[in-house]
Amino acid sequence: MRWNSILLAGPFALALAAHAATPAASTKAAPGYQVGIRNFHFMPAKLVVPAGGTVTWINHDEEPHVVTSVGDRFKNSPALDTNDHYSATFAQPGTYTYFCSIHPQMVGTIVVR
Amino acid sequence: MKDDRDDVLPGRRRFLRCMAWAGAGTLWLVKGGVAHAGMLATGAAAADATFGFVQISDSHIGFHQAPNPDPVASLRQSIALVNAQPRRPDFIVHTGDLSHLSKPEQFDTVAELLKEAKTGHVFYLPGEHDVIGDDGKAFFTRFGGGAGGNGWYNFDHHGVHFVALVNVRHLQAGGLGYLGSEQFAWLKQDLAGISASTPVVVFAHMPMWSLYPAWGWGTQDSAQALSLLRRFGSVTVLNGHIHQIQQKVEGTITFHTARSTAYPQPAPGTGPAPGPLKNLPAGRLHDYIGVRDVRHARGSQVLAVTEQSLG
Ligand SMILES: [Cu+2]
């Protein structure tokens, strides 16, 4: 499993602690929010999080997917292979639309309140 | 066999579409937009062919799961199949998704393996898996960016005009494959000087018709490009992306999608999503993957398309 993270949170912090090569483990229990990627869909397609919330995408498909911000409003993920994770923290309230840059029919939204 | 377009096709075309699923050994003669099926052994055009070329697609080097944990081996076998042909193909075209994740070592593996192919030249065009994260830089560095550096290019061979298009860059949220206005302008200029009697062959990674948009199987601005191609007497469009053989005839334009050398995907709309068809009968993977042989007969507009599975 490969980790692609800006900031890890919640249940993943535990797994990360065992991953000695990654230095930036935070033990602070920041609220974690998850978006699963399954059968070429972001689930949930729309996720509401509070400002400062961290969202973690997990790819369950055999196909890779790429979390890509429409309008470059947050950092794009690298290619997420099966079981890869990617996290982004949303400081500013707003509506963030994203899609998969290689399967553009896959579209999701993060609403930050 | 499953085909959600059968009901709108005339009887003969319906039969031909079904034949396209039959696997290795079916010979396609395409003349004036109407395909004629025959057996490989009796194909006069194949015997008289002035030249032939091979299409390879969707090698997905770096993929490592069911139903094919070793796409390097299956690409190597595909090349061996090409090398075993009685007549050496003038060139090979790889219609994209060489790699699974656009990694330099995945591209290098494909380039190394294709050095073993007995052919005059190998043409490449990128799939969406080849342009991840760097907009195709690693791909174009190795395989060329075409005349303008954007990936598309043309060439002529024995009186046939070939155009390689890129429809996997700058994809837009909610969209499909995308050519863009710059490429369209280039295509328009490129085709302007070609006589309508010249056979035209178009390569692209994603399907150039709305094959199954819900799964992303189409190109959102392909109609524009096709409008430039309708005046030609014979247009053959070859693409990959969907890892299975599908065919469509639209006037003088014939579309063929190719098998993958790595793994098959489900027929349109069967199952919850595209992606690898995992539950193949044991030992049957090689029936679902392979290469495509295309031959052209001098002085005619005939292109004979033959599918070859590894099985
Ligand atoms: Cu995707």
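Residues are numbered from 1 along each chain as its sequence is written, and chains are lettered from A and ligands numbered from 1 in the order in which they are written. In this predicted model, local features need pLDDT of at least 70 and side-chain atom pairs count only at pLDDT 80 or more, while totals for chains, interfaces and linings use all residues; side-chain values use heavy atoms, with hydrogens and water left out.

**Chain A**

Chain A contains 1 helix and 9 strands (DSSP runs numbered from the N terminus: helices are H or I with at least four residues, strands E with at least two). Read from the N terminus, its elements follow the order β-α-β-β-β-β-β-β-β-β. Of its 113 residues, 49% count as buried (under 20% relative accessible area; exposed is over 50% and partly exposed lies in between, with a 1.4 Å probe and protein chains only).

An open sheet of mixed pairing is formed by 4 strands of chain A in the order 4-9-8-6; two strands pair if DSSP finds at least two bridges between them. Strand 4 (46–49) and strand 6 (67–69) of chain A each have a single partner strand and stand at the edges, so one side of each lacks a neighbour in the sheet. Neighbouring strands here are turned by 30° against each other on average, direction ignored (axes are lines fitted to C-alpha atoms, and angles between N-to-C directions run from 0 to 180 degrees).

Strand 5 of chain A has 7 of its 7 residues buried, so it is largely enclosed by the rest of the structure. In a regular strand the side chains alternate between the two faces of the sheet. Gly53(A), Val55(A), Trp57(A) and Asn59(A) point one way from strand 5 of chain A, and Thr54(A), Thr56(A) and Ile58(A) point the other way. Thr54(A) is the bridge partner of Gly32(A) and is itself partnered by Thr89(A) in strand 7 of chain A.

| Strands | Sense | Bridges |
|---|---|---|
| Strand 2 and strand 5, chain A | parallel | 6 bridges |
| Strand 5 and strand 7, chain A | antiparallel | 6 bridges |
| Strand 6 and strand 8, chain A | antiparallel | 3 bridges |
| Strand 7 and strand 8, chain B | parallel | 4 bridges |

**Copper site**

The copper ion has as protein donors His65(A) (ND1), Cys100(A) (SG) and His103(A) (ND1), lying 1.9 to 2.2 Å from it. Donors are N, O and S atoms within 2.8 Å of the metal (3.2 Å for Na, K and Ca); water is not among the atoms, so sites may look incomplete. The donor residues are spaced H-x34-C-x2-H in sequence. His65(A) lies in the loop between strand 5 and strand 6 of chain A, and His103(A), 38 residues apart from it, in the loop between strand 8 and strand 9 of chain A. Both His65(A) and His103(A) are buried.

**Chain B**

In chain B, 6 strands form an open sheet of mixed pairing in the order 6-7-8-9-11-10. Its edges are strand 6 (153–157) and strand 10 (246–250) of chain B. The twist averages 15° from one strand to the next. Ala164(B) has Phe203(B) as its bridge partner in strand 8 of chain B. Gly159(B), in the loop between strand 6 and strand 7 of chain B, is exposed, with a relative accessible area of 53%.

**Largest pocket**

The largest pocket has a volume of about 360 Å³. On a 1 Å grid over the protein atoms alone, a pocket is an open set of points where a 1.4 Å probe fits, with protein on both sides within 12 Å along at least five of seven lines; lining residues have an atom within 4 Å of a point. Grid points are joined across faces, edges and corners, and the volume is the space filled by probe spheres set on the points. Of its 17 lining residues, the closest to the centre are Ser101(A), Val131(B), Gly133(B), Asp135(B) and His170(B).
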